[in-house]
Amino acid sequence: MNRKVLLVGFGLALATVCSGFFVSAFAQGKAKKREITVISREESSGTRGAFDELMKITDGKTNMLFEEAVIVSSTDEVASKVEVDKNAIGYTSIGAITPKVKALTVDGVVAKEENVKNGTYKISRPFVVATRTGTSLPIAADFVAFIASKSGQAVVSKAGYIPIDGAPDYKAANLTGKVTLSGSTSVEKVMEKLKEEYHKLNSNVKVEINYNGSSAGIKDCLESKSDIAMSSRELKPEEKTKLAGTTFALDGIAVIVNKTNELSAIKSETVTKIFKGELRYWNDITAQ
Amino acid sequence: MTDAKEEKKDKTDNGEKEIRIAAIKERGAEYFFLLCSLMSIGAVLLICFFIFRGAWPTIKSVGLWHFLTFDKWKPTDVPPLFGIFNMIAGSVYVTLGACVIGVPVGIFSAVYMAKYCPYRIYPVMTQFVSLLAGIPSIIYGFFGMMLIVPFIAEYMSGNGNSVLAASVVLGIMILPTVIKVSEVSIRAVPKAYFEGALALGATKEQAIFFVGIPAAKSGILAGIILGIGRAIGETMAVVMVAGNSNILPKSVFKSVRTLTANIVLEMGYASDAHYDAIVATGAVLFLFILLLNMVLNFINRDANAAGGLS
């Protein structure tokens with residue numbers, strides 16, 4: 001029995017030592033080359049659509065995203081993946097940047113609302129609400145009018161996005177009923193505030209919102225499953241034939257990395273190369 | 001006299017009536033129960049019908065063999081490419097990984113609980129195992145994302161979103177199934193088997209591992225297959241830790257996309273041919289589960305034929 005205990009003890013000790021070596025070998029290998037973790041969104045995402053197009057990751061026909069990229073399905077998940085992974089790079093709406101991640105300066109321009117508005121920060125896209133053309137839904141039209149009005153635009157700028165200039169005034173029309181919206185997860189933050197504000201003026205209207213991604217929202221609207229589609233990218237030409245879109249805000253897309261990343265600025269070509277999988281290691285970028 | 005006769009006749013009439021009413025009630029209840037059981041059968045048949053009908057256009061246009069064996073999935077490209085080979089392989093990898101991690105731990109836990117566990121600790125153990133079964137899968141996902149993924153990235157290789165991470169999470173998730181079913185079947189082995197083994201000079205360990213477990217084999221297998229069923233169908237926890245890249249992983253540290261992940265990531269926005277292809281992905285998953293159930297039935301029948309052990 002004693003021999004058995006000794007044997008087991010010896011075995012355990014051996015296993016510990018071996019795994020120690022194993023881990024340290026891996027750790028050393030890692031110290032030499034830090035592989036980039038590319039984080040992207042599912043193809044339905046408006047942020048992804050806008051980012052891919054602006055960074056030339058797609059040519060309109062073939063998507064050339066690095067095929068080993070990690071795919072997540074919401075704005076928040078990008079931030080939480082970047083937060084825990086030292087080697088991660090992702091992209092998210094400027095309004096959705098959290099203090100736990102670091103936004104990179106792209107081509108020397110800081111990812112800030114002012115820079116989006118004055119056009120120096122290039123990675124930006126519109127937030128659009130769209131309704132079906134040829135149908136008249138008074139409540140939907142009223143809600144869109146509110147969003148595009150002075151009071152709606154005030155909410156937009158308070159939420160940290162860039163409002164559209166020259167907005168008209170809005171007067172509540174005392175409507176009663178329900179309006180349904182579906183679409184982009186990126187507009188959630190501002191849309192919830194717009195809903196709140198609209199409800200103060202029109203207490204008899206019930207606003208129901210479903211956040212399922214821009215393309216899904218557009219599809220819902222086309223199939224009459226919802227009254228209004230919310231999109232965080234421009235409408236495509238074939239969508240414009242059936243939908244009337246109203247741009248109600250501008251939003252920049254920030255390139256974000258982990259807090260511990262020593263990099264603070266990046267060139268847009270480098271971003272493109274990273275997301276296409278042509279650049280695989282942080283070391284190669286820091287060396288440039 | 002006549003009155004009394006009349007009264008008697010009335011009574012029997014009433015009695016017959018009551019019996020008839022009771023019979024109708026009983027029949028009614030019987031039909032009600034039948035209806036309830038038909039509902040579950042009907043649900044299964046309906047699901048079968050709609051899944052396979054939805055999958056048909058893809059199978060017709062892409063071709064079943066091509067759909068199953070082609071390794072490129074690019075639904076938004078022009079023209080779109082639909083091939084789910086990587087995802088089938090991904091599901092198989094992740095499930096096998098879950099078995100490698102979950103099955104030994106599960107069986108040894110079951111052995112401990114059935115044969116070694118002091119009676120004071122036993123209720124605590126069963127409580128915790130039941131609790132493990134009750135944790136929602138998204139909580140497992142969070143656990144994996146916050147702990148297992150960074151751990152793999154830090155101390156092993158790659159970025160952590162990997163086959164290994166998914167396997168560990170799923171391995172933990174299948175534990176309760178494996179433990180419970182295995183424990184019951186080990187307990188069901190007649191005591192005489194152990195006693196016989198001990199009488200022949202075997203140690204306790206030998207009696208358990210060379211007599212008890214072989215006798216409980218089919219029950220343990222059933223537990224493993226139920227576990228596999230859970231692992232292959234799991235979605236949320238896997239999506240959060242597997243990375244979901246559309247590749248055939250070359251090592252356990254590489255990212256992987258399972259069939260379920262593919263469905264849940266793209267179902268929301270898919271339309272037309274893409275939608276059909278997603279439904280077809282679901283049909284393939286469904287076939288996997290049917291196959292597993294068939295194997296399970298086969299094992300159970302085998303066990304019954306062998307004399308009702310386990």
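This is a predicted model: local features need pLDDT of at least 70, side-chain atom pairs count only at pLDDT 80 or more; totals for chains, interfaces and linings use all residues.
Let me begin with helix α11(B), which is mostly covered: seven of its eight residues are buried. Buried here means under 20% relative accessible area, with exposed over 50% and partly exposed in between, using a 1.4 Å probe and protein chains only. The buried residues are Leu259(B), Thr260(B), Ala261(B), Asn262(B), Ile263(B), Leu265(B) and Glu266(B). Helices (H or I, at least four residues) and strands (E, at least two) are DSSP runs, numbered from the N terminus.

Residues are numbered from 1 along each chain as its sequence is written, chains are lettered from A and ligands numbered from 1 in the order in which they are written, and side-chain values use heavy atoms, with hydrogens and water left out.

On confidence, chain B averages a pLDDT (the predictor's confidence in each residue, from 0 to 100) of 87, and 92% of its residues score at least 70. Within chain B, helix α1 (residues 2-62) is lowest with a mean of 83, and helix α6 (residues 163-187) is highest at 93. For the complex, the predictor gives an ipTM of 0.70 and a pTM of 0.74.

Chain B as a whole has 12 helices and zero strands. Of its 310 residues, 40% count as buried. Its C-alpha trace spans about 100 × 65 × 35 Å along the principal axes.

I turn now to the pockets. A pocket is an open set of points on a 1 Å grid over the protein atoms alone, where a 1.4 Å probe fits, with protein on both sides within 12 Å along at least five of seven lines; lining residues have an atom within 4 Å of a point. A volume is the space filled by probe spheres set on the points, which are joined across faces, edges and corners.

The second largest pocket has a volume of about 570 Å³. It is lined by 30 residues, and those closest to its centre are Glu67(A), Lys74(B), Ser245(B), Asn246(B) and Ile247(B). Our opening helix returns here: α3 (85-116) and α11 (259-266) of chain B are the elements that give two or more residues to this lining.

The largest pocket holds about 1,200 Å³ of space. Among its 42 lining residues, Ser215(A), Arg233(A), Lys236(A), Glu239(A) and Thr76(B) lie nearest the centre. Helix α2(A) gives the most to that lining, with six residues.
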